[in-house]
Amino acid sequence: MLKRIIMAISIAAAVSCSGNAAFNPDLTPDADDRIDRVEPPCWWTCMKTSLQLLVKGEGISSFNVKIEGGSGVKVKKIHKGDSPDFLFVDVTVAPDAVTGDYWLVFSDGSTTFKYPYRIGKRRPGSSDRKSFTTADMIYLIMPDRFANGDPSNDSTPDTAEKADREAFFGRHGGDIQGMIDHLDYIADLGATAIWSTPLLLDNEPGGSYHGYACSDYYHIDPRFGSNELYREFVSKAHSKGLKVIMDVVTNHCGAAHWWMEDLPFRDWVHVFPEYTGTNNCFSSNMDPNASRYDLNIQESGWFAQSMPDMNLDNPYLLKYFQQWAVWWVEYAGLDGFRVDTYPYNEKLPMSRWCEAVLDEYPHFNIVGECWTSSIPQLAYWQGGNANRDGFDSHLPSIMDFPLQDALCRALSSGSRAWGEGMARVYDCLSHDFVYHDLSKMLIFPGNHDTDRIGDVVRKCPDRHKIAMTLMATMRGIPQILYGDEMMFVSKDRSQGHGGLRVDFPGGWSDDAIDLFSAEDRAAAAVNTDGNPVQQGQMEELHDFTRKLFQWRKGKEVIHNGKTMHFLSRDNTYGYFRYDDTDAVFVYINNSRGKKHIPWSHYAEIANGLHDGRNVITGESVTVSDSTVVGPRQVLVVEYKR
C-alpha cells in the first residue's frame with residue numbers, strides 16, 4: 001500500500017511540473033505475465049489497413065486501454081470478446097505518427113501496468129511491390145523434406161513432435177536454412193519464384209511436418225527457424241532474383257492452436273453437436289439448385305479432426321486474418337500468397353479478405369487452391385469472372401487443376417482411343433473461353449498433394465520431358481515441385497502423401513549422394529524410391545528442364561502471347577504461342593511410333609515464319625511435312641514472324 005501511495009505522489013508531481021499528463025514509463029509497472037500476447041506484434045505508419053489489436057490476458061476484458069509515448073497513435077475503441085481473457089483494441093496510426101516504442105497502458109481503476117508496442121516506418125514503395133506473373137516459374141518446396149541446414153533445431157523442447165527421418169508422416173529436419181543454402185541451385189534451374197508449404201508453428205503431436213495445422217499465426221515454427229531467419233531467407237532470395245510466395249491457411253487452424261483452450265468468441269470456430277466433416281461439395285457455392293444445408297456443411301464442416309474450421313463470418317476473426325496477411329507481407333517483404341483450401345472458406349468474407357490485401361498492395365498476386373476438375377466451377381472462383389449470381393471473389397489467380405488432370409491422364413498411358421491421349425490436353429484448353437484471365441492461371445504437373453509426375457509417367461524419362469515441355473511453353477504461370485526437374489518418384493506409393501514427399505538427396509549431411517551437385521547427378525544410379533535408373537539420367541533430365549526454363553525467362557511471347565493449337569487423334573499435339581513479332585512451335589509426340597509433322601495443316605500461322613531455331617539443341621531448323629519426330633519426343637522451335 002505504501003508503495004502505491006508513493007507511486008501516485010510521484011505521478012502527480014510529474015504532471016504538476018510538466019503542466020500536462022506526460023507519461024513516464026518508469027513509474028508504471030510492466031505487464032509481466034498479465035499479458036499472454038498482443039497481435040499483430042508491431043505495425044507501421046502509412047498503412048491503409050486499419051489496426052485492431054488482439055490482446056490476450058487473464059481477465060483483461062475488465063481493463064481499459066490507452067496508448068502512451070510518442071504522438072499520433074491513439075486508442076479509438078475497445079471491444080470485448082465472449083471470453084473475459086480477450087480485448088480487441090482499435091488503434092489509429094496517423095501518417096505522420098512518431099515511429100518508435102509506445103506503451104499499451106492497462107488500468108482497471110486499482111491496477112495499472114504497461115506493455116510495449118512498436119510502430120515502425122514503412123519501407124518506401126512497399127505498397128507498389130510487384131508480384132509473380134506469367135514471366136515466372138515457381139519452384140514448390142516442402143521445407144521439412146528439402147534440406148536440413150541446421151540440425152540443432154530438428155527437435156525443440158517446446159514443440160511436441162520430434163524428428164524421425166524414417167517416419168513417412170514424421171518430421172525429417174528440413175528447414176529455412178536448408179532453403180537458404182540452396183538458393184543458387186534453384187535460381188540456376190530457371191526458377192524465378194519459390195513457394196514453400198507453410199512455415200508457421202504447427203504443434204500437432206504427429207504429422208506436423210506439413211505445416212497446414214497452424215498453432216500460431218505470427219511465429220515461424222522453431223524447427224524451421226525463426227521470424228528473423230525467414231525474413232533473411234526472403235531477402236537472400238530477392239538477391240538471387242527469386243520472389244517468395246507464402247502459403248497461408250484461413251479455412252482452418254490446428255487443434256493445438258493456443259486459442260483452442262479459450263476461444264475469444266463462442267463462434268470463433270464452427271461448432272456442431274458432434275464432429276462434422278466438410279462434404280467437399282464445392283458446387284453448393286454456385287449451384288442454383290443447392291440446399292442451404294449442403295452449403296453449410298461444405299463451408300462449416302471441419303477439414304479434419306485435427307483442423308478446427310474457422311468462422312470467417314465473425315468480423316473480428318476476419319479482421320484478424322486480413323491484417324495478419326498484411327503484416328507478413330510488410331514484415332518479411334513477400335511477393336505473393338498461395339491460399340490453401342480456398343473454396344472451403346465462407347466465400348463472401350474471403351472475398352473481403354482478398355480485397356483487403358489488394359487494397360494495401362494493388363499489384364499483389366494471390367493464387368487460390370480450388371481443387372476441382374470442373375472448368376466452370378473453377379472459373380467461378382477467379383476474381384472478375386462474370387458469375388450469374390453476381391459473386392466476385394476478388395481472388396486474382398487460380399490453380400488449373402483441370403489442366404493438371406488432363407495432362408496426367410494423357411501422359412499416363414499410350415491410348416489412342418477417342419478423346420484419350422494428348423486430345424485430353426487439347427480439349428481442356430478448348431475451354432479457355434470460360435476463364436476471366438488466362439494470365440492468372442497457375443499450371444502444374446503435380447504438387448505436394450498430388451501424385452508425383454514421375455509416378456504418373458511410370459518413370460519414363462521421355463514422357464517426363466513432355467511434361468516439362470508443356471509446363472515451359474503453355475499459357476499461364478508454371479509451377480513444378482522440388483525434384484520434378486529430375487523425375488523424383490515416391491518412396492512408397494502406398495504411403496500416400498508421406499511417400500511422395502521424399503527427401504531431396506544431398507539435403508542432409510549424411511546422404512550417400514548429393515543431387516544438388518552436377519557431379520553426383522551424373523553419377524546417380526538410383527531414384528528416390530531406391531530403385532535403379534540409368535546412370536546419367538538424373539543429370540540429363542535436370543539439364544533438359546534447366547534449358548527450357550532458363551530459355552523461358554526471356555521469352556515474352558511465352559509470357560504474354562496467344563495460343564493456337566491443332567487437333568489430332570493419334571496421341572500427338574501441335575500448338576503455337578505467338579504475338580506480332582515472334583512465334584514458338586511445340587510438337588508433342590506422345591505415341592509409341594515416329595510421326596511426321598503435318599506442317600501444311602498449320603499454314604494459317606506457319607506461313608511467313610522464318611529463322612527457326614531448335615530451343616533444346618540451339619541448331620537452325622526448317623520444319624516441313626517431312627519432318628519426323630520420334631516416339632515420345634518433343635520439338636520446340638522459336639521463330640520470327
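Close-up 1. Thr341 counts as buried because its relative accessibility is 3% (buried: under 20% relative accessible area, with a 1.4 Å probe and protein chains only). Its place is the loop between β14 (336–339) and α7. Helices (H or I, at least four residues) and strands (E, at least two) are DSSP runs, numbered from the N terminus. Phi of Thr341 is near 45°, a positive value in a residue other than glycine. Most residues other than glycine have a negative phi.

The model is predicted: local features need pLDDT of at least 70 and side-chain atom pairs pLDDT 80 or more, while totals for chains, interfaces and linings use all residues. Residues are numbered from 1 along each chain as its sequence is written, and side-chain values use heavy atoms, without hydrogens and water.

**Close-up 2. Val457 and Met487.** Val457 lies in the loop between α11 (453–456) and α12 (461–473). Met487 sits in the loop between β18 (477–481) and α13 (497–500). The two are 30 residues apart in sequence and 9.4 Å apart in space, C-alpha to C-alpha. Val457 counts as buried because its relative accessibility is 1%. Met487 is buried, with a relative accessible area of 1%. Leaving aside residues up to four places away in sequence, Val457 touches Leu411, Arg463, His464 and Met487 (contact: heavy atoms within 4.5 Å). Phi of Met487 is near 60°, a positive value in a residue other than glycine.

**Close-up 3. Helices α6 and α7.** The axes of α6 (residues 315–332) and α7 come within 9 Å and cross at roughly 35°. Axes are lines fitted to C-alpha atoms over the stretch in contact, with angles from 0 to 180 degrees between N-to-C directions. From α6, Leu318, Phe321, Gln322, Ala325 and Val326 meet Pro349, Arg352, Trp353, Ala356, Val357 and Glu360 of α7. These contact residues divide into eight nonpolar, one polar and two charged. Ala, Val, Leu, Ile, Met, Phe, Trp, Tyr, Cys and Pro count as nonpolar, Asp, Glu, Lys and Arg as charged, and the others, Gly among them, as polar.

**Close-up 4. Helix α5 and its cover.** The buried residues of α5 (residues 292–300) are Leu295, Ile297, Gln298, Glu299 and Ser300. Their cover includes α7 (347–360).

**Close-up 5. The cis bond at Pro40.** A cis peptide bond joins Glu39 and Pro40, with omega about 0°. Pro40 is in the loop between β1 (37–39) and β2 (42–44). Most peptide bonds are trans.

Note on methods: Buried < 20%, exposed > 50% of the residue type's maximum accessible area, 1.4 Å probe, protein only.
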